[in-house]
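Trainee: I have a model open and want to learn how to read it. Can we take it feature by feature?

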Amino acid sequence: MSAPGTRSLGGLTVSRVGLGCMGMSQSYGVADRPESIATIHRALDLGVTFLDTSDVYGDGHNEELVGEAIAGRRDEVQLATKFSLSRDDRGRMRIDGRPENVRACAEASLRRLGVDVIDLYYQHRVDPKVPIEETVGAMAELVQQGTVRHLGLSEASATSIRRAVAVHPIAALQSEWSLWTRDLEAEVLGVAREHGIGIVPFSPLGRGFLTGAITSPDDFGDDDFRKNQPRFQGEAFQANLRLVEEVRAMAAEKGATAGQLALAWVMAQGDDVVPIPGTKRRSYLEENVGAADLQLSADDLARLEAIAPPGAAEGTRYPDGGYAYGESPERSA
């Protein structure tokens, strides 16, 4: 297995495929700390050096875990984390983009990660109550102080991106993008590229569905958040399963797994695209890294376009069907 190589995200050089660490602490069943740390170590050994976490993953647990895993190997890593999301007493998500929260969150993340500088610092979701200029202005101060190297946004709208870059360069946009989630392509992708912003697709394997390993809603444990997602329920599940079967059949012809083909498609969308498939197991990590060796021809890409055109997946991404890319209020004069 060859190293995946590198790509540039708005001036930050990272490995061509990254590692999403969220599932090591939440959402996808029981956590396994020793295996998670071993997975991060194996990633670095394989040349997967772009690690993605957030202060909200496991309410800080994930940053501590990543910090423990990279201790002594910090110079090998491009480290990305995020702020602005937290849970209230009932477990509901809230968004806080206030400048004072930016500073407080960054200090807490640096402490949990055990590092002096964060390579890429994202606003995890756009605050609908705080002008994005104020949030990015506070993030820019972190760059000036030397505690953050590059700034990013996640799931931001085209308008939010334009307003953010007027304050400070944005290196990366993290959003969901895969064969079954192509909403990004309608408007946001083009605006990001206009401004030289790299694209970091999360859930490039459709939250694991595009691997073909999930064949029934019964495959999910009670503590797996996918159990409550519209795409994994009822008729939508069965319709989406047919899409996966076509991907799996094509992958078999190429001597690859369905997941490798789906991941190779994402990487083929441009040299500015760096997916961060998440896993907490070395075996899946190695399978994902193998996707970097899979070359897709123009005919291959056309065939996948026919299998999974935009809008092919049944069901919305989240239980809230009204979910849209994040907008912030206009700043008052």
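Trainee: Let's begin with rings. How many aromatic pairs does the structure hold?

Mentor: A pair of aromatic rings is described by the distance of the centres and the angle of the planes. This is a predicted model, and it holds three aromatic pairs. Trp177 and Trp265 form one of them, an edge-to-face pair. The centres are 6.2 Å apart, with 80 degrees between the planes.

Trainee: Which parts of the chain does the pair of Trp177 and Trp265 tie together?

Mentor: Trp177 lies in the loop between strand S10 (172-176) and helix H6 (188-194), while Trp265 sits in helix H8 (residues 258-267), so the pair links parts that are 88 residues apart in sequence.

Trainee: Are Trp177 and Trp265 buried or exposed?

Mentor: Both Trp177 and Trp265 are buried. Across the protein chain, buried residues make up 58% of the 333 residues.

Trainee: Now the strands. How should I think about side chains in a sheet?

Mentor: In a regular strand the side chains alternate between the two faces of the sheet. Here, an open sheet of seven strands runs in the order S3-S4-S5-S8-S9-S10-S11, with parallel pairing.

Trainee: Which strands are at the edges?

Mentor: Strand S3 (19-20) and strand S11 (198-202). Each pairs on one side only. Further in, strand S9 (residues 148-154) and S10 pair in the parallel sense over three bridges. Ser154 stands opposite Gln174 in S10.

Trainee: Which strands pair in the antiparallel sense over four bridges?

Mentor: Strand S1 (residues 6-9) and strand S2 (residues 12-15) do. Ser8 stands opposite Thr13 in S2. S1 and S2 form a hairpin, with two residues between them. Gly10 in the turn has a positive phi of about 55 degrees.

Trainee: What about a positive phi in other residues?

Mentor: Most residues other than glycine have a negative phi, and most peptide bonds are trans. Phi of Ser84 is near 110 degrees, a positive value. Ser84 is in the loop between strand S5 (78-83) and strand S6 (85-87). Ser203 has a positive phi of about 50 degrees. Ser203 belongs to the loop between S11 and helix H7 (234-253).

Trainee: Are Ser84 and Ser203 buried or exposed?

Mentor: Buried means under 20% relative accessible area. Ser84, at 1%, counts as buried. Ser203, at 13%, counts as buried too.

Trainee: Next, cysteines. How many disulfides does the count come to?

Mentor: A disulfide is a covalent bond between the sulfur atoms of two cysteines. The count here comes to zero. Look at where two of the cysteines sit. Cys21 is buried, with a relative accessible area of 1%. Cys105 is also counted as buried, at 13% relative accessibility.

Trainee: How do I read the nonpolar interior?

Mentor: In soluble globular proteins, nonpolar side chains tend to be buried together. The largest nonpolar core here has 82 residues. Leu19, Ile40, Leu153 and Leu173 touch the most other members. H8 gives the most to this core, with eight residues. A second, separate core of 13 residues includes Leu9, Leu12, Phe50 and Ala80.

Trainee: What is Ile40 in contact with, leaving aside its neighbours within four places in sequence?

Mentor: The contacts of Ile40 include Leu19, Cys21, Met24 and Leu51. Leu65, Val66, Ala69 and Ile70 are on the list as well.

Trainee: Which residues of helix H9 are buried, and what covers them?

Mentor: In helix H9 (residues 282-290), the buried residues are Leu285, Asn288, Val289 and Gly290. Their cover includes S3, helix H1 (33-46) and H8.

Trainee: And the chain as a whole?

Mentor: Its secondary structure comes to 10 helices and 11 strands. Among contacts between residues at least 6 apart in sequence, 77% join residues at least 24 apart.

Note on methods. Residues numbered from 1 in each chain as written. Predicted model: local features only at pLDDT ≥ 70, side-chain atom pairs only at ≥ 80, totals over all residues. Heavy atoms only, no water. Pairing = 2+ DSSP bridges. Phe/Tyr/Trp six-rings, centres within 6.5 Å; stacked < 30°, edge-to-face > 60°. Buried < 20%, exposed > 50% of the residue type's maximum accessible area, 1.4 Å probe, protein only. Disulfide = S-S within 2.5 Å. Core = buried A, V, L, I, M, F, W, Y, C linked by side-chain atoms within 4.5 Å. Contact = heavy atoms within 4.5 Å.
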